[in-house]
Amino acid sequence: MAATAVDWIGSGLFLAAAPAFLLRTVGLSQTAIGAGLTIAGAVGLVTSVPIGSLGDRFGPRRVLVGLHVARAAAFGAYPFVVHGETSFVLLTAAIVAADGATPSVTQALVAELAHERQRVRLMAVLRTTLNVGMSVGALGAALALSRVTSTTFAALLLTNAASFVVAALFVASIDAGERTSKAGPVSRRRWEALRLPRRLLAFAALDGVMTLYLVILNVALPLWIVAHTAAPASLIGILYTLNTALVVVLQVAGSRLAETLRTAARTEFLAGGALAAASVAIGLTDTASAAVAVVLLVAGIVLLTLGEIGHSAASWQISYSLAGDLQRTRALAVFGLGRSAAFVAGPLLLTVGVVKNGTAGWIGLAAAFVVCAVLIRLRVDRLAARAEAGLDGAMLVEPALGSREGRPA
């Protein structure tokens, strides 16, 4: 948890300072920045699974230390190396590759540290810490950027680099009791589960659609408020703060809603309903008065956050159950491809397909959330039932039933 806090305080500093640094100090255009981030996102999408495989070969703790060190080196070089578009794209791609692999490796490390029924709760604690750390870092950057100089930017970036060094030291001190993969015979059933079949990719795709709530929060909602509603633009910051506060307060408690695979399926279904309701509430602000728009937007962000909390907990439980024990990090990385794809394609998809189409676009998005939530529940319930019955071909298993090797609490 300490590593996560330090990591995301530094990331908060960078995320808040980067746009101004690239625009004012480096002199990049908004188009160049957008194109560079898109290319970097694509690189991260391609490299996350191979890096995840390293977690199975050498252990998630060692690989996570390496990722933190790599990010420290990249951010430390940032103010001295990035002077144009090419250097920006290359270094940002390296950073995004490390960033993209970190969630699955971290999740695999949690599996090494915690008992099956404690993993989702520990992930919730880490996510709460992440939100607090990022908020602290963003506040620090806001204070530092009150006086904009190249020295200030460099100091922020070097502070971010130092945060990853500290995070690496914290992770290195963990006694994970990790196991690394060794060559040897594997049963046909286990081997087929490790080949990452279409079932795993299908869940990744559905999870990616559900993850669009993050793109709503960071991209679609601000654009919608400014261009399509009578609500004041200052409401954007208030809504973002409300979202962060609710996640910090409720995420750990919400993890109890996904302690088993069955409850995770039900929670995912309810989360889809909340996200759909949020989309409808936001879409109805198009022609509303300023006062009504504010009320609907606040209601929408509350529903969106409840959906976010429920989906996060359910997704952790489902992905853990799907991954099993062998090559867990690789499987978790494949499951995370949907989320990564949502981050890469989501901004354009929601801007063109939702925001530009007004209320109809938001209703269409609500329908997509409902369909995905229903499909996830049906698939998880069916596979869980097969696993409980001991039938071949069932990849998803209840944590209490499917693991024959305990983990230390």
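This is a predicted model: local features need pLDDT of at least 70, side-chain atom pairs count only at pLDDT 80 or more; totals for chains, interfaces and linings use all residues.

Trainee: How do you know that the span of helix 8 agrees with its number of residues?

Mentor: Helix 8 runs over residues 198–210, 13 residues in total, so at 1.5 Å a residue it should span 18 Å. Its end C-alpha atoms are 18 Å apart, which agrees.

Trainee: Why is the pair of W224 and W362 called edge-to-face?

Mentor: Two values decide it. Ring centres must lie within 6.5 Å to pair, and planes over 60 degrees apart count as edge-to-face. For W224 and W362 the centres are 5.7 Å apart and the planes 75° apart, so the pair is edge-to-face.

Trainee: What parts does this pair tie together?

Mentor: W224 lies in helix 9 and W362 in helix 15, so the pair links parts 138 residues apart in sequence.

Trainee: Why does W224 count as buried?

Mentor: Buried means under 20% relative accessible area. W224 is at 0%, so it counts as buried; W362, also at 0%, counts as buried too.

Trainee: What makes R379 a charge over the ring of F203?

Mentor: The distance cut-off is 6 Å from the ring centre, together with an angle limit of 35 degrees from the ring normal. The charged end of R379 sits over the F203 ring, 5.3 Å from its centre.

Technical notes. Residues are numbered from 1 along each chain as its sequence is written. Side-chain values use heavy atoms; hydrogens and water are left out. Helices (H or I, at least four residues) and strands (E, at least two) are DSSP runs, numbered from the N terminus. The expected span of a helix is 1.5 Å times one less than its number of residues. Rings of Phe, Tyr and Trp (its six-membered ring) pair if their centres lie within 6.5 Å; planes under 30 degrees apart count as stacked, over 60 as edge-to-face and the rest as tilted. Buried means under 20% relative accessible area, exposed over 50%, partly exposed in between (1.4 Å probe, protein chains only).
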